[in-house]
Amino acid sequence: MNKHLKLASALALATALPASVMAQDAWYPYPAEEVTPAFSADGEVSEVTYTPLEAAAQPWNICVSFPHMKDAYWLGVDYGVVDEAKRLGVKLNVVEAGGYTELNTQISQIEDCVSGGADAVIIGAISYDGLNNVISEVAGQGIPVIDVINGVSSGDIAAKSLVSFRTMGSEIGNYLAEKHPAGSDAVKVGWFPGPAGAGWVEAAHEGFMAAVEGSAVEVLEPRFGDTGKETQLKLVEDVLQANPDVRYLAGTAVTAEAAQGVIRERGLKGEVDLLAFYMTPGVYTGIQRGFILAAPADSMVIQGRIAVDQAVRILEEKDYVKHVGPKIFVVDPENINDVPRENILPPDGFRPEFSVE
């Protein structure tokens, strides 16, 4: 794999293909970023082109563990891993724990995957530290573990397919800080980072807070909570009730999606703007319709695809990038019509798939 082509070359190659071909037959080459040394929190980030294998040498059995399937974000990751497994010709089994409170369930499901004969395990982690023991056990049996999307602190993983959620949070923080720089009128922002304790949440929170520091943005007390719609809706309503002068609501994609209805019902469109620090179909549509101001895209579909390719490469002892993720970019009304939707979101009408035979 020629992984050191420059980003410009990647974009040139990608745009040389018709959109229909890119969507159906070749999602690659894809502009990405590699972190070196791998797995380091403050490693050097360099632009690379990600090109996967054309096919697997044999139908490996890969197990994928997700925190849940409650929102369209994980549906997008599901589409990525499932479609890539089909393209490569490997078997895939997807399990989901039911929510960020279900750490023990995720651990049990991973153990069941291994006892069921998984050759490799891909984990979208519920907890940054809480899966370290089971990851150590799995890796100790010679089964590679790939960390996808959320991040884990374990040193026993074989690869990471993810972006920096610190960067995702800082992108939205920077967006607000540029609109309201130091010296301008102060604005209040309700901040909804997601479930406390999850690695991606803590990272996004740090990035967001660091980005708005020194600006005219005043962040209200963060409201942590599960990414179920009901939970986020309740948090939004509480903040609106307690802070009638709030100017922005920023947080998870579920927060932004759920808040749209409340903003409409209360006649607050234009008075309270919404931002998300990652992309989902609902956020994408919200930006198109003018109800959501902006959100960075982390191309979750591509993260899922890369994780499957990494697993196959490791099993076949082929060259692979240990720590990589798609290049992040902010989507707003100005560029949304220029973004290839099929790379950052699941297709319309896609329903969860849990196995590839």
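**Helices, sheets and a few buried spots**

Q: At what angle do helix α4 and helix α5 pack?
A: In this predicted model, helix α4 spans residues 103-115 and helix α5 spans residues 132-140, and their axes sit 10 Å apart. Helices (H or I, at least four residues) and strands (E, at least two) are DSSP runs, numbered from the N terminus. Axes are lines fitted to C-alpha atoms, for helices over the stretch in contact, and angles run from 0 to 180 degrees between N-to-C directions. For α4 and α5, the packing angle is about 5°.

Q: Is α4 roughly parallel or roughly antiparallel to α5?
A: Angles under 35 degrees count as roughly parallel, over 145 as roughly antiparallel, 65 to 115 as roughly perpendicular and the rest as oblique. With an angle of about 5°, α4 and α5 come out roughly parallel.

Q: How many nonpolar residues does the contact of α4 with α5 have?
A: Contact means heavy atoms within 4.5 Å, and here α4 brings I107, I110, E111 and V114 while α5 brings V134, E137 and V138. Ala, Val, Leu, Ile, Met, Phe, Trp, Tyr, Cys and Pro count as nonpolar, Asp, Glu, Lys and Arg as charged, and the others, Gly among them, as polar. There are 2 charged residues and no polar ones, and the nonpolar count is 5.

Q: What pLDDT do side-chain atom pairs need in order to count?
A: Residues are numbered from 1 along each chain as its sequence is written, and side-chain values use heavy atoms, leaving out hydrogens and water. As the model is predicted, totals for chains, interfaces and linings use all residues, local features need pLDDT of at least 70, and side-chain atom pairs count only at pLDDT 80 or more.

Q: Which strands stand at the edges of the 4-strand sheet?
A: The open sheet runs in the order β9-β8-β10-β11 with parallel pairing, where two strands pair if DSSP finds at least two bridges between them. An edge strand has a single partner, so one side of it is left without a neighbour in the sheet. That describes β9 (217-219) and β11 (273-276).

Q: What is the bridge partner of G190 in β10?
A: Strand β10 (residues 248-251) pairs in the parallel sense with β11 over 4 bridges, and G251 stands opposite A276 there. On the β8 side, 4 bridges also join β8 to β10, again parallel. In that pairing, the partner of G190 is L249.

Q: Which residues point the other way from Y248 and A250 on β10?
A: Y248 and A250 share one direction, and the residues on either face of β10 named here are buried. Buried means under 20% relative accessible area, exposed over 50%, partly exposed in between (1.4 Å probe, protein chains only). Pointing the other way are L249 and G251.

Q: What is the relative accessible area of T252?
A: T252 sits in the loop between β10 and α9. Leaving aside neighbours within four places in sequence, T252 contacts F192, P193, G194, W200, T227, Q232, A276, F277 and Y278. T252 counts as buried because its relative accessible area is 0%.

Q: Which strand does P296 lie in?
A: P296 is buried, at 0% relative accessibility. Not counting residues up to four places away in sequence, P296 touches partners including M168, I172, F277 and V331. As for the strand, P296 lies in β12.

Q: Which residue in β6 does I122 stand opposite?
A: The open sheet of 9 strands has mixed pairing and the order β2-β1-β13-β7-β6-β5-β3-β4-β15. Within it, β5 (residues 120-123) and β6 (residues 145-148) pair in the parallel sense over 3 bridges. Opposite I122 stands I146.

Q: What is the radius of gyration of the protein chain?
A: The chain has 12 helices and 15 strands, and buried residues make up 57% of its 357 residues. The radius of gyration is taken over C-alpha atoms, and the globule rule is 2.2 Å times the number of residues to the power 0.38. That rule gives 21 Å for 357 residues, and the chain's value is close to it, so the chain is as compact as a globular protein of that length: its radius of gyration is 20 Å.
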